[in-house]
Amino acid sequence: MDYKNNVIQKEVMKKVVVVLICAILFVIPFFWLSPGELEMGGDSNRLFLYDPGSYLQVNALYSVEPQGVGKVTSNQNLLPFLILLQLLSNVFHSPYLLMTLLNSIKLVGSFIFVYLIVIELLSHYFEKGKTFHADIAGILAGLFYTLSPSVGENMRSALLTHNQVFLNPMIFYLILRFLLSGKDIYLWITLLTTFIFSPNFSLIAPPPPFSFYPLALLFLLLYVTLCLKKSLPWKKLFVGLIFFLGIHAFHIIPAVAHIVDPSSDYYTRAFDASNGRNEALEYFNATLGLGKVSQHIFFTYSNHATRWTALAVPLVVIIGFLFNKKKQKALMLIAIFFSITLFLTSANITNIGVEIYRKLFYIPGFSMFRVFYGQWQWVHAFFYALLFGFSLYLVLSRLKRKYVYTSLIFLAALFIFSGWAFINGQILRAIHPGSKNMTSIVKMN
């Protein structure tokens with residue numbers, strides 16, 4: 001009876017901690033701006049939050065390219081998201097609240113779904129009585145991802161594609177649960193989510209969907225078949241694909257028509273291989289110096305005072321591998337995908353690696369990844385969080401409970417200290433490049 005009560009208390013404590021963290025993350029964005037302020041981002045790309053109705057009319061229903069005369073583009077993918085924003089705007093009557101709620105969803109979604117993924121992955125491997133250690137590893141992996149520079153530093157000029165910081169782990173978790181449980185509800189929630197956030201799943205939105213989902217789906221297929229020795233529900237997956245194409249036909253068909261138009265820039269990128277490849281290679285060569293392996297291993301913000309905190313995560317990963325006596329296939333698979341994404345987001349790994357990367361631009365469509373350090377960073381941060389969470393569990397499972405608590409407090413404090421400029425909203429108030437002491441925050445009437 002005492003053992004049962006002890007287990008119940010641990011479960012309650014775990015839920016309380018997770019809910020408390022989610023509540024704090026949800027509230028944080030409310031302190032970034034004052035009511036009436038709107039952070040426009042580097043490209044004034046948040047006007048859709050100021051007046052969703054007008055943005056819907058001029059950018060989604062009828063959009064004209066700035067180049068040329070009267071060329072209509074295909075932005076129908078914005079319709080579901082903008083209609084939802086307009087409905088919320090009718091309720092709140094405040095662009096400030098719309099922006100804050102969207103940022104809150106990003107932070108909470110990033111944390112909770114990375115946490116759930118790590119718990120799900122570890123549930124097939126942790127020893128009896130070690131669920132507590134897995135929970136701590138999941139919590140810290142979620143904090144690591146949510147407070148990482150890939151999430152925080154990009155908040156200052158977040159395009160609609162920045163929604164991927166929570167959509168990526170959310171979709172990954174839903175598909176993982178679908179493959180393991182076979183329950184259709186996970187598949188339908190996934191399809192509904194992709195419809196609401198259709199700008200993140202459109203042909204005009206690459207490279208974000210093409211950098212994350214091919215690797216994520218490949219990982220899930222290998223994990224389920226090789227690590228768990230389970231069969232895949234191929235028929236249901238095929239049905240899900242058909243439904244995905246069906247509910248997204250309203251923007252896929254116009255986008256395809258736009259892409260095959262010889263006068264469009266997308267046609268040049270997709271079909272004019274020599275021109276597109278040369279342009280992409282020139283851009284790649286010019287920005288190659290920005291690819292730094294150390295920057296993507298030692299995750300830290302650009303604040304020199306906090307850079308020493310970046311040593312903690314690689315150290316945990318190394319120790320975790322030393323403790324991996326049973327040679328867990330899942331850990332090795334995560335490590336392989338981490339290494340692949342490290343190469344893709346860094347590029348500048350030995351002269352041979354650079355030459356191999358240049359050859360990738362001969363693949364049709366790969367030119368979309370010319371800004372390699374920006375386009376692969378989210379998938380890299382995601383697999384880094386999974387690698388950290390799995391490795392951390394291997395370390396914590398060998399420690400006594402009091403040292404586990406100490407590790408939780410210490411690592412959480414490091415992540416908070418490292419990402420404090422993001423937590424307190426200082427990143428959003430950074431001076432806009434090319435301006436004279438001006439930020440991108442404006443007071444709206």
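Student: Which helix gives the largest share of the lining of the largest cavity?

Tutor: Helix α21, residues 401-418, with three residues. Keep in mind that this is a predicted model.

Student: What makes the space there a cavity?

Tutor: A 1.4 Å probe fits in a cavity but cannot get out. The volume of the largest cavity is about 110 Å³. Its lining counts 13 residues, and F144, F299, T309, F415 and S418 lie nearest the centre.

Student: What is the make-up of the lining of the largest cavity by class?

Tutor: Nine residues are nonpolar, four are polar and none is charged. Phe counts as nonpolar, so F144, F299 and F415 belong to the nonpolar class.

Student: And which classes line the second largest cavity?

Tutor: Seven nonpolar, two polar and two charged residues. The lining includes R46 and K106. Arg and Lys count as charged, so these are the two charged residues. Helix α5 gives the most to this lining, with four residues.

Student: How many residues line the second largest pocket, and which lie nearest its centre?

Tutor: The lining has 27 residues, with I175, Y213, L217, L241 and F244 nearest the centre. The volume is about 800 Å³. By class, 22 are nonpolar, four are polar and one is charged. A pocket is an open set of points, whereas the probe cannot get out of a cavity.

Student: Which helix gives the most to that pocket lining?

Tutor: α11, with eight residues. The patch covers about 670 Å² and is made by W188, F238, V239, L241, I242, F243 and L245.

Student: How do you know whether W188 is buried, partly exposed or exposed?

Tutor: Buried needs under 20% and exposed needs over 50%. W188 has 39% relative accessibility, so the residue counts as partly exposed. A patch residue needs over 30%, so 39% passes that cut-off too. W188 sits in helix α9, residues 184-196.

Student: Why is the contact of E37 and R429 called a salt bridge?

Tutor: The cut-off is 4 Å between the nitrogen and the carboxyl oxygen. Here the closest N and O atoms are 2.9 Å apart, so the pair qualifies. E37 lies in strand β1 and R429 in the loop between α22 and β2, so the bridge ties together parts that are 392 residues apart in sequence.

Student: Are E37 and R429 buried or partly exposed?

Tutor: E37 is at 15% relative accessibility, so E37 counts as buried. R429 is at 37%, so R429 counts as partly exposed.

Student: What separates E355 from R358 in helix α18?

Tutor: About one helical turn, because the two residues are three apart in the helix. Their N to O distance is 2.5 Å. That is within 4 Å, so the pair is a salt bridge. E355, at 40%, counts as partly exposed. R358, at 23%, does as well.

Student: Which class of accessibility do R177 and E120 fall in?

Tutor: Both are buried. Their side chains meet in a salt bridge at 3.4 Å, N to O. A search of the whole structure finds five salt bridges.

Definitions and conventions: Residues are numbered from 1 along each chain as its sequence is written. This is a predicted model: local features need pLDDT of at least 70, side-chain atom pairs count only at pLDDT 80 or more; totals for chains, interfaces and linings use all residues. Side-chain values use heavy atoms; hydrogens and water are left out. On a 1 Å grid over the protein atoms alone, a cavity is a set of points where a 1.4 Å probe fits but cannot get out, and a pocket is an open set with protein on both sides within 12 Å along at least five of seven lines; lining residues have an atom within 4 Å of a point. Grid points are joined across faces, edges and corners, and a volume is the space filled by probe spheres set on the points. Patches are made of residues with over 30% relative accessible area and no salt bridge: like charges are joined within 9 Å, nonpolar side chains (Val, Leu, Ile, Met, Phe, Trp, Tyr) within 5 Å. Accessible areas come from the Shrake-Rupley method with a 1.4 Å probe; for residues, only the protein chains shown count as cover. Buried means under 20% relative accessible area, exposed over 50%, partly exposed in between (1.4 Å probe, protein chains only).
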